[in-house]
Amino acid sequence: MTEFNIIPLDQVDSAWVEELLDLVFGPERKNRTIYKVREGLAHLPALSFAAVDGDGYLVGSIQCWPVALTDPDGLAYPMILVGPVSVAPDHQDQGIGRALMAAVFGAMGVGEKLPLVLLGDPEYYGTRFGFTAERTGGWTLPGPYEQHRLLALARPDSLMPERGMLGPWRLS
């Protein structure tokens with residue numbers, strides 16, 4: 001079992017993060033639909049973290065992004081896109097992914113109202129963190145994806161339309 005520390009992602013060389021993402025998701029990862037959802041955005045530094053081992057090597061990362069669900073009337077509902085969550089293959093199943101998610105939850109603070117959304121494994125993110133597809137069935141993404149993998153975690157009083165397109169959140 002590797003010992004690791006969670007630190008702000010901006011304290012790690014961005015080239016290392018890109019190498020880790022290529023290792024975990026493959027070099028074609030930037031062609032995936034989720035990249036279109038966050039196109040032209042910078043990750044949110046306060047909600048993005050790295051896991052480094054005792055020797056200072058990057059073994060995991062998580063990034064969060066400002067996105068919005070735009071309803072059919074053109075109203076944008078801000079959300080936070082979680083991911084990618086990446087853990088080096090030789091460090092998986094050691095709690096690093098869970099620790100990275102816990103860091104995001106901790107950084108958000110008590111009473112956070114913005115819903116979290118991600119594209120991921122419902123068994124993993126549902127069982128461990130409470131994400132569900134219950135409210136995302138009428139949502140779309142700008143490209144191909146599996147609907148059952150579009151998950152959200154929101155307070156019951158969060159404003160989230162039944163239908164809409166998920167994309168970058170830009171204040172303009």
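Reader: What is the mean pLDDT of the protein?
Author: The model is predicted, so the confidence values come before any geometry. Of the protein's residues, 97% reach a pLDDT of 70 or more. The mean pLDDT of the protein is 93.

Reader: Which element has the lowest mean pLDDT?
Author: Among the elements of the protein, strand β2 (residues 49-53) has the highest mean, at 98. At the other end, with a mean of 94, is helix α2 (residues 33-37).

Reader: Where in the chain does the salt-bridge partner of Glu-18 lie?
Author: The side chain of Glu-18 meets that of Lys-30 in a salt bridge of 3.4 Å, N to O. This pair links distant parts of the chain, twelve residues apart. Glu-18 sits in helix α1 (residues 14-25), and Lys-30 in the loop between α1 and α2.

Reader: Is Arg-29 buried or exposed?
Author: Its salt-bridge partner, Asp-22, is partly exposed, with a relative accessible area of 32%. The cut-off for buried is under 20% relative accessible area. Arg-29 has 2% relative accessibility, so Arg-29 counts as buried.

Reader: Is Lys-30 buried or exposed?
Author: Glu-18, which meets Lys-30 in a salt bridge, has a relative accessible area of 30% and is partly exposed. Exposed requires over 50%. At 52% relative accessibility, Lys-30 is therefore exposed.

Reader: Which residues are linked with Glu-18 in a network of salt bridges?
Author: Glu-18 pairs with Lys-30, and Asp-22 pairs with Arg-29. These pairs belong to one network. The residues linked with Glu-18 are Asp-22, Arg-29 and Lys-30.

Reader: Are α3 and α4 parallel or oblique to each other?
Author: Helix α3 (residues 96-108) and helix α4 (residues 122-129) pack with their axes 12 Å apart, at an angle of about 55°. Roughly parallel would need an angle under 35 degrees, and roughly perpendicular 65 to 115. The two helices are therefore oblique.

Reader: Is the crossing of α3 and α4 left-handed or right-handed?
Author: On the α3 side, the residues in contact are Gly-97, Arg-98, Met-101 and Phe-105. They meet Tyr-124, Tyr-125, Arg-128 and Phe-129 in α4. The crossing of these helices is right-handed.

Key:
Residues are numbered from 1 along each chain as its sequence is written. This is a predicted model: local features need pLDDT of at least 70, side-chain atom pairs count only at pLDDT 80 or more; totals for chains, interfaces and linings use all residues. Side-chain values use heavy atoms; hydrogens and water are left out. pLDDT is the predictor's confidence in each residue, from 0 to 100. Helices (H or I, at least four residues) and strands (E, at least two) are DSSP runs, numbered from the N terminus. A salt bridge is a side-chain nitrogen of Lys or Arg within 4 Å of a carboxyl oxygen of Asp or Glu. Buried means under 20% relative accessible area, exposed over 50%, partly exposed in between (1.4 Å probe, protein chains only). Axes are lines fitted to C-alpha atoms, for helices over the stretch in contact, and angles run from 0 to 180 degrees between N-to-C directions. Angles under 35 degrees count as roughly parallel, over 145 as roughly antiparallel, 65 to 115 as roughly perpendicular and the rest as oblique. A crossing is left-handed if the near helix is turned anticlockwise from the far one by less than a right angle, and right-handed if clockwise. Contact means heavy atoms within 4.5 Å.
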